[in-house]
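Trainee: I have this structure open on my screen and would like to get to know it. Please take me through it in questions and answers.

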Amino acid sequence: MSPTRAGEHPGTDAPGPDLPRLDVRGVSKSFGPLDVLRGLDLSVRPGEFAAVIGPSGSGKSTLFNLVSGLDAPDAGTVLVDGAPADLRSRQVAYMPQKDLLFPWRTVLDNTALGLEAQGTRRREARKRAVGLFEAFGLDGFQGSYPFQLSGGMRQRAALLRTVVLERPVLLLDEPFGALDSLTRTEMQLWLAEMWQRYGWTVVLVTHDIREAVMLADTVHVLSPRPARVVQTIEVPLARPRGLDALADPAFAETERRILDVLQDRDVLPDRHVPQDRDVPQDRPAEAGIR
Ligand SMILES: Nc1ncnc2c1ncn2[C@@H]1O[C@H](COP(=O)(O)OP(=O)(O)OP(=O)(O)O)[C@@H](O)[C@H]1O
Ligand SMILES: [Mg+2]
């Protein structure tokens, strides 16, 4: 890919200054009797780094499936640059929660796979992927197989496969969830640098409050299922952010604000009727459910 300058948005013409890149409005989604999302609103500006944080099973991956056009909401709209989300319009590059590399393909063939799957000729796909290897710290490993890479390198390769599609919105579903804490911190610093360099619009799902504060401009906190955004918190830390940011009192204050929202009993659904397999029928008052 031709390197995209910070502030440019790969894949489409720049939208108007007031038009959100991603606009999720009043989205609801159920699977049979299971209410997963209810009236969820979320908006992301071009070039913004947004984080979505919420309890396990609250519907974060479901939200990404709707934004990417893999699934459709029951109610509400998902707009990317003003147009309804649609898998065929290729507005969104999605790195799913378990993005595995194929063990029998080389790293280069793995990273070119997304482009090939969308119809780019193999030669061109490989050329574009190769162009990113150095920036992704994978130079020299084009011909290696995934088992020959460290965990962090595998995640960077999976991310490269997503980013090389050059789409206006990048969805990253817990990209560092499986990494040890040291590698995870390294990857966070690296991702922050790459985001700044390429000007991507990113939505990151994470369970890790520190990761959200370190990386994001804006943190959207979800309620438990049926999920909605209960609070949107702006992160008041300067860029670029390195490890020094951790020592900034504003860092801890923001972590605390997010934690308070996550623990606030008021964010829990007040008319929750325990009807799914997660909550035993004979213990409806447990798990903080009012
Ligand atoms: N296709 C589906 N059919 C039926 N139920 C589903 C489907 N997809 C998700 N669910 C259910 O919807 C709920 C939300 O799932 P989802 O994967 O979106 O949660 P999550 O917030 O991403 O969780 P985690 O943090 O653990 O990744 C879960 O109870 C899950 O079982
Ligand atoms: Mg998930």
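Trainee: Between which strands is the loop that holds Pro226?
Mentor: This is a predicted model, in which local features need pLDDT of at least 70, side-chain atom pairs count only at pLDDT 80 or more, and totals for chains, interfaces and linings use all residues. Residues are numbered from 1 along each chain as its sequence is written, while chains are lettered from A and ligands numbered from 1 in the order in which they are written. Helices (H or I, at least four residues) and strands (E, at least two) are DSSP runs, numbered from the N terminus. The loop with Pro226 is between β9 (218-222) and β10.

Trainee: What is omega for the peptide bond that joins Arg225 and Pro226?
Mentor: Most peptide bonds are trans. The bond that joins Arg225 and Pro226 is cis. Its omega is about -5 degrees.

Trainee: And what is omega where Arg239 and Pro240 are joined?
Mentor: Pro240 belongs to the loop between β10 and α7. Arg239 and Pro240 are joined by a cis peptide bond, with an omega of about -10 degrees.

Trainee: Is phi of Arg90 positive or negative?
Mentor: Most residues other than glycine have a negative phi. Arg90, in the loop between β5 (83-84) and β6, has a phi near 55 degrees. For this residue, then, phi is positive.

Trainee: Is Glu166 buried, partly exposed or exposed?
Mentor: Glu166 is in the loop between α4 and β7. A residue is buried if 20 or more other C-beta atoms lie within 10 Å of its own, exposed if 12 or fewer, and partly exposed in between, with C-beta atoms placed from the backbone. Because Glu166 has 18 other C-beta atoms within 10 Å, it counts as partly exposed.

Trainee: Is Arg256 buried or exposed?
Mentor: Arg256 is in helix α7 (residues 249-263). Because Arg256 has 12 C-beta neighbours inside 10 Å, it counts as exposed.

Trainee: Which residue of β7 stands opposite Val92?
Mentor: Both faces of β6 are covered, with Val92 and Tyr94 buried on one side and Ala93 and Met95 on the other. β6 runs parallel to β7, joined to it by four bridges. Opposite Val92 stands Val169.

Trainee: Which residue of β8 is the bridge partner of Leu170?
Mentor: Strand β7 (residues 169-173) pairs with β8 (residues 202-206) in the parallel sense, over four bridges. The partner of Leu170 there is Val202.

Trainee: Which residues touch the most other members of the largest nonpolar core?
Mentor: A nonpolar core is a set of buried Ala, Val, Leu, Ile, Met, Phe, Trp, Tyr and Cys residues joined through C-beta atoms within 7 Å. The largest one has 66 residues. It lies between domain 1 (18-91 + 170-290) and domain 2 (100-166), because both give residues to it; the domain bounds come from an automatic or database domain assignment. The residues asked for are Ala51, Val67, Leu171, Val202, Val203 and Ala216.

Trainee: Which residues does Ala216 touch?
Mentor: Residues up to four places away in sequence are not counted here. That leaves Phe49, Ala50, Ala51, Leu204 and Val235.

Trainee: Which element gives the most residues to the shell around ligand 1?
Mentor: A residue is near a molecule if its C-beta atom, placed from the backbone, lies within 6 Å of it. Those around ligand 1 include Phe31, Ser56, Lys60, Thr62 and Gln97. The elements giving two or more residues are β2 (34-44) and α1 (60-67). With three residues, the one that gives the most is α1.

How values were computed: Two strands pair if DSSP finds at least two bridges between them. Two residues are in contact if their C-beta atoms, placed from the backbone, lie within 7 Å.
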